[in-house]
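The structure is shown first, followed by the notes.

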Amino acid sequence: MADTDLAAQIKTALADVEIPGGGDLAGYAGLSEIIVTPGAIAFAIAVASGMEAAFGPARDEAHKRAQALGGSRKVMVSITAEKSNTAKFGHGAPQPQGKTRVKGVKRIIAVGSGKGGVGKSTTAVNIALALADEGLKVGLLDADLYGPSVPKLLGIEGKPAIRDDGIFTPHEAFGLKAISIGSMLVPGQAVVWRGPMATSGLRQLLRETEWGGLDVLIIDLPPGTGDIHIALFQQTIVDGVVIVSTPQDLALIDAQKAIDMLRRMSVPVLGLVENMSYFIAPDTGHRYDIFGTGGAEQAAGKLEIPFLGPIPLVMSIREGSDAGMPPVAHAPEGPEAQAYRLIARRILASIP
Ligand SMILES: Nc1ncnc2c1ncn2[C@@H]1O[C@H](COP(=O)(O)OP(=O)(O)OP(=O)(O)O)[C@@H](O)[C@H]1O
């Protein structure tokens, strides 16, 4: 059945689900779009603050009906309540409350960037591999719901298995446990989830995956500073964030904004990685500082955060990544792999 047909069928079934105050869920204005992918069904019910518990039975009933129609797909139905903005942003924002650790995960390190396309995912994947080479049990969560690239970078195919109790079994790739919303979408399908849906999707990937005892979970964040970041940092203890930037001024200005948000949310910044820092000519092996040198290092100094190191701009990183063969796993002795390793060791040294 086409995904749109199934979404329509579910919506029809929700007409039999009663909601507090009278009426049914299908006709309720707070019902989000129903997203159907080959592996999952997801939708959210937005309610007024304080009404979360009252909507609980409706959510459970909706879940049951969607599951009856969805077969083996994992069903995710979440209730979202509007919170006042002061809890999200604002100078001197209150320390987020209720942050918890993720079961089976000792430390979480997130990798973010101020803007897209700076090589954040490539860096996250290779740092994860370098940490695994240090003898740690490492997982990777692709939280870039709008542009997931971990499946491609690690050459992962197919959907993750889902246990009978609805828990995801992560993919295994190069010794990493990895999970991404990307492997649950059909190729070319864009995620059009709005804020609450996206944050709920992330929470489920994070907390409903059988991580099986990790020393470190690396989270590849979406670029910028949006709902996903806020929800993650408010709900979960993140031990530190690595910011990836290219050497150009504009990227650095965006990186600065990301760091500003982390500070306001009391999340430790582990440091700045300068990606595509210099170019190594494939024929001669010569190094060219095409963007000048030291931009990110100086920026890190000004921002009073550690500079974690530079990654060269090399064709092999792009080609290896595009082919699902990340340099740290594929050419572990190469200069690119060494650059990632050095950064991974600095990260390791900076977390408790
Ligand atoms: N050091 C590098 N040398 C050469 N190519 C690189 C390097 N780092 C990343 N790339 C290439 O740049 C492109 C963007 O990288 P990547 O997807 O990791 O960026 P991103 O910041 O995660 O992007 P997005 O905003 O889409 O999430 C990819 O084609 C990748 O292979």
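**K120 and its surroundings**

Apart from residues within four places of it in sequence, K120 is in contact with V111, G112, S113, D220, P223 and V244. The model is predicted, and the points below are grouped by topic.

**Annotated site**

- The UniProt record, an unreviewed entry, gives a "binding site" feature at G114, K115, G116, G117, V118, G119, K120 and S121.

**Burial within the site**

- K120 has 26 other C-beta atoms within 10 Å, so it is classed as buried, the threshold being 20 or more.
- G116 counts as partly exposed because it has 14 C-beta neighbours inside 10 Å, a number in between the limit of 12 or fewer for exposed and that of 20 or more for buried.

**Packing of α1 and α2**

- Two packed helices are described by the angle between their axes and the distance between the axes.
- For helix α1 (residues 3-13) and helix α2 (residues 56-70), the axes come within 9 Å and cross at roughly 145°.
- The crossing of α1 past α2 is right-handed.
- On the α1 side the contact involves L6, Q9, I10 and A13, which meet R65, A66 and L69 of α2.
- Sorted by class, the residues of this contact between α1 and α2 are five nonpolar, one polar and one charged.

Note on methods:
Residues are numbered from 1 along each chain as its sequence is written. This is a predicted model: local features need pLDDT of at least 70, side-chain atom pairs count only at pLDDT 80 or more; totals for chains, interfaces and linings use all residues. Axes are lines fitted to C-alpha atoms, for helices over the stretch in contact, and angles run from 0 to 180 degrees between N-to-C directions. Helices (H or I, at least four residues) and strands (E, at least two) are DSSP runs, numbered from the N terminus. A crossing is left-handed if the near helix is turned anticlockwise from the far one by less than a right angle, and right-handed if clockwise. Two residues are in contact if their C-beta atoms, placed from the backbone, lie within 7 Å. Ala, Val, Leu, Ile, Met, Phe, Trp, Tyr, Cys and Pro count as nonpolar, Asp, Glu, Lys and Arg as charged, and the others, Gly among them, as polar. UniProt positions are given in the numbering used here, feature names are shortened, and annotations may be inferred rather than shown by experiment.
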